[in-house]
Amino acid sequence: MSKDESRLRRLAARLDIQPEAAFHAPRITVSGSSSVLVEGHRGLLEYAPGYVAAAGAGCRILIRGENLRLEAMDGGELVVSGRLWAVELE
Amino acid sequence: MNIVRRITGWAELSITGASPAAALTLLAARGVPFWDVTPPVDFKLTLKTPARCAEHAAAVAASSGCEAAVTAYHGLPALWRKARRRLTLLIPLAAAALVLAWSLTRVWEITITGNETIPDGVIMQALAACGVEIGADWTSFSPDAIRNGVILRVPEIRWMTVKMTGCHAEVIVREKRTYIEPVDEDELVNIVADKAGFITAVYAKRGTAVAEAGRVCLPGDVLIGGWETGRFYVQGAVRAIGYVTARTWYDITAAAPDTVYVKRQTGETTTRYSLILGKIRVNLYPDDSICPEGCDKITTAIPLARAGVFTLPVAIERTVISAYETEPQPAAELREELEALLMAELEGRIGDDGEIVSCEFTASAADGMLYVTLRAECEEKIGKPVPLTDGDLRAIQAKMPTTADNG
């Protein structure tokens, strides 16, 4: 994390601004164990029935599960459905 | 798949390459809508995209280094393109649409509501005479003309209207009311016994109680007289009001042949189907539709309709023919039936305010007949108002004091 970004994060924390709003950090919404919505992704990295990897701002989002399927995707959001096991951030 | 996508059409796009995910990222970044992406198998995946974007999507995906091709088009536009090439398919479709449009202007079902005493058949006949029948063009209906025509033909109808819902005509009827004749409160009457009995109570609200509890009365005996009695003399004629209860006895006999044949279903059934096209019936079985002897027929029509939305002149009629045998009814059952009939007759005679104190049945058979006799003791009101005759009035007048007596 650069010095400027660190300062910006401290400032955002003092101003009570959510990080995803200030730094375009991804927002991940999991609905039960069958659907996950990723907002603010930066592109799809890998796609297989067992996992889906997407790029986020400063991180990698890894969705693990069974029979995963990319339901829809556009420049900012993607929806993955199937039997979810884990959502990891790397 | 939602209805909008079906109408606007969609295409299937196949992407093959070392990194199909990169192609998806590029499509998303370029704003190409897509959905339903299958997981890659052998470096190949498929996705769906709107038909109008298909070629553009293929070009964008190809620019990511993958091979992309539109494999199929679906939805209404694709169907239309196919149908345009096959006129033989298009003509029956157009004919079906025309028939449907024509049939939607016709009446294919009529229901009548609101009639209590007038049979449906009478109203249907009057409606048919006014042009409302199966197959009639409902767009030409004039509600006023139909109402006037039907009321002229069936005078018992006070008001009616025809409500159209799709091809279903609902005929709403209001019958004329039969008013109960009002009681003339000024009429001078006696309360008279309408049956013989042993009097148990007398309540005279107006008039003079003639009957007394503990005495016997015969039909026609005056129970409460239509005159007021003062301390010393009769004051004048009045309308007698009150009631008299009495113990009554009934002896009613019912008879029936001691051998009555009843139906017993054998369990053997045959089902037949017919196609109803408007007023035409097409039997989907080889023999005629006359019910064979020794069979019952139950017919159920299943119309091609959705209640409240549309009705088409097509229906499937299902006829179930059940065979039966006749066999003598057991004597015990016959006796029970006769007893039930006798009990219903007794309850009708004593009315709602009567009460059965005790009853017994006896049965005997003679000359091929079974006789069941009901003997019952009841308690009921036995008085009925009977207008005073001129003779009664003269008799009352005679008992009244004259002016000289008063003086």
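In strand β2 of chain B, B:F34 is the bridge partner of A:M73. Three bridges join β5(A) to this strand, β2(B), and the two run antiparallel; two strands pair if DSSP finds at least two bridges between them. Helices (H or I, at least four residues) and strands (E, at least two) are DSSP runs, numbered from the N terminus. The model is predicted: local features need pLDDT of at least 70, side-chain atom pairs count only at pLDDT 80 or more, and totals for chains, interfaces and linings use all residues. Residues are numbered from 1 along each chain as its sequence is written, while chains are lettered from A and ligands numbered from 1 in the order in which they are written.

The contact between the chains takes 15 residues from chain A and 14 residues from chain B, two residues being in contact if their C-beta atoms, placed from the backbone, lie within 7 Å. On the side of chain B that touches chain A, α2 (20-29) and β2 each supply at least two residues. The largest share of that side, six residues, comes from α2(B). Its residues divide into 11 nonpolar, two polar and one charged, where Ala, Val, Leu, Ile, Met, Phe, Trp, Tyr, Cys and Pro count as nonpolar, Asp, Glu, Lys and Arg as charged, and the others, Gly among them, as polar.

A:N67, in β5 (residues 59-73) of chain A, has phi near 50 degrees. B:D36, in β2 (residues 34-37) of chain B, has phi near 55 degrees. A:N67 is exposed because 10 other C-beta atoms lie within 10 Å, whereas B:D36 is partly exposed because it has 15. The cut-offs are 20 or more for buried, 12 or fewer for exposed and in between for partly exposed, counting other C-beta atoms, placed from the backbone, within 10 Å of the residue's own.
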